[in-house]
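Good morning, and thank you for making time for this presentation. Please have the sequence and the coordinates open while I speak.

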Amino acid sequence: MMKKFVLSLVLAVFAQTGYSQDIKGKWLTEAGDAQVEIYEANGKVNGKIVWLKQGPETKDTHNPDEKLRSRKLMGVNILSGLSKKKEKWEGGRIYNPKNGKDYKCSIWLEDGKLKVRGYIGFLYETQTWKRK
């Protein structure tokens, strides 16, 4: 009986560790105004908007492409093309719908939270997203 209990405990710990290392799933942005679902497609990690505080009809009004300004932000990939390198996912892009700009991006897990960093040259900004 004790062996089964110990085995169950060990498996539970490993399962939790594996879950905490997986970036896939839904994340609430630092401002709490959007939820992004991170998923893998064609060997790359991407993230699409699945909830917006302003509502599902919110448009991409700041997009530099005038043709895209009338599209809904729901479903738009704001993270794209990330590849895992050691403990980070790098080489991708992040789109900021608040200003319509696109930046180089890397993401990683830290203490169960997702760190999202956008770069302009050597300058960067890092946000902390919480798992939903």
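I shall go from the overall fold to the strand pairs and then to individual residues.

This is a predicted model, in which local features need pLDDT of at least 70 and side-chain atom pairs count only at pLDDT 80 or more, whereas totals for chains, interfaces and linings use all residues. Residues are numbered from 1 along each chain as its sequence is written, and side-chain values use heavy atoms, with hydrogens and water left out.

Let me begin with the fold. The protein has one helix and eight strands; helices (H or I, at least four residues) and strands (E, at least two) are DSSP runs, numbered from the N terminus. Along the sequence the pattern reads α-β-β-β-β-β-β-β-β. The eight strands form a closed barrel in the order S1-S2-S3-S4-S5-S6-S7-S8, with antiparallel pairing. On average, neighbouring strands of this sheet are turned by 35 degrees against each other, direction ignored. The axes are lines fitted to C-alpha atoms, for helices over the stretch in contact, and angles run from 0 to 180 degrees between N-to-C directions.

Next, some totals. Of the 132 residues in the protein, 30% are buried, where buried means under 20% relative accessible area, exposed over 50%, and partly exposed in between (1.4 Å probe, protein chains only). The accessible surface comes to about 8900 Å², and 56% of that belongs to carbon and sulfur atoms. These areas come from the Shrake-Rupley method with a 1.4 Å probe; for residues, only the protein chains shown count as cover. Among contacts (heavy atoms within 4.5 Å) between residues at least 6 apart in sequence, 37% join residues at least 24 apart.

I turn to the strand pairs; two strands pair if DSSP finds at least two bridges between them. Strand S4, residues 77-85, and strand S5, residues 88-96, are antiparallel over five bridges, and Lys85 stands opposite Lys88 in S5. Their hairpin has two residues between the strands, and Lys86 in the turn has a positive phi of about 60 degrees. S5 also pairs with strand S6, residues 101-110, in the antiparallel sense over seven bridges; here Trp89 stands opposite Ile107 in S6. The hairpin of S5 and S6 has four residues between them, including Gly100, whose phi is positive at about 75 degrees. Strand S7, residues 113-120, and strand S8, residues 123-131, are joined in the antiparallel sense over seven bridges, with Lys115 opposite Thr128 in S8.

Now to individual residues. Not counting residues up to four places away in sequence, Gln35 touches Lys26, Trp27, Leu28, Lys48, Ile49, Val50, Trp51 and Lys132.

Ser80 is in strand S4 and, with a relative accessible area of 28%, is partly exposed. Leaving aside neighbours within four places in sequence, Ser80 is in contact with Val45, Asn46, Gly92 and Arg93. Ser80 and Asn46 are 34 residues apart in sequence, yet 4.3 Å apart in space, C-alpha to C-alpha.

Finally, Phe122 lies in the loop between S7 and S8. Its relative accessible area is 74%, so Phe122 is classed as exposed. Together with Ile120 and Leu123, Phe122 makes a nonpolar surface patch of about 390 Å². Patches are made of residues with over 30% relative accessible area and no salt bridge, with like charges joined within 9 Å and nonpolar side chains (Val, Leu, Ile, Met, Phe, Trp, Tyr) within 5 Å. A salt bridge is a side-chain nitrogen of Lys or Arg within 4 Å of a carboxyl oxygen of Asp or Glu.
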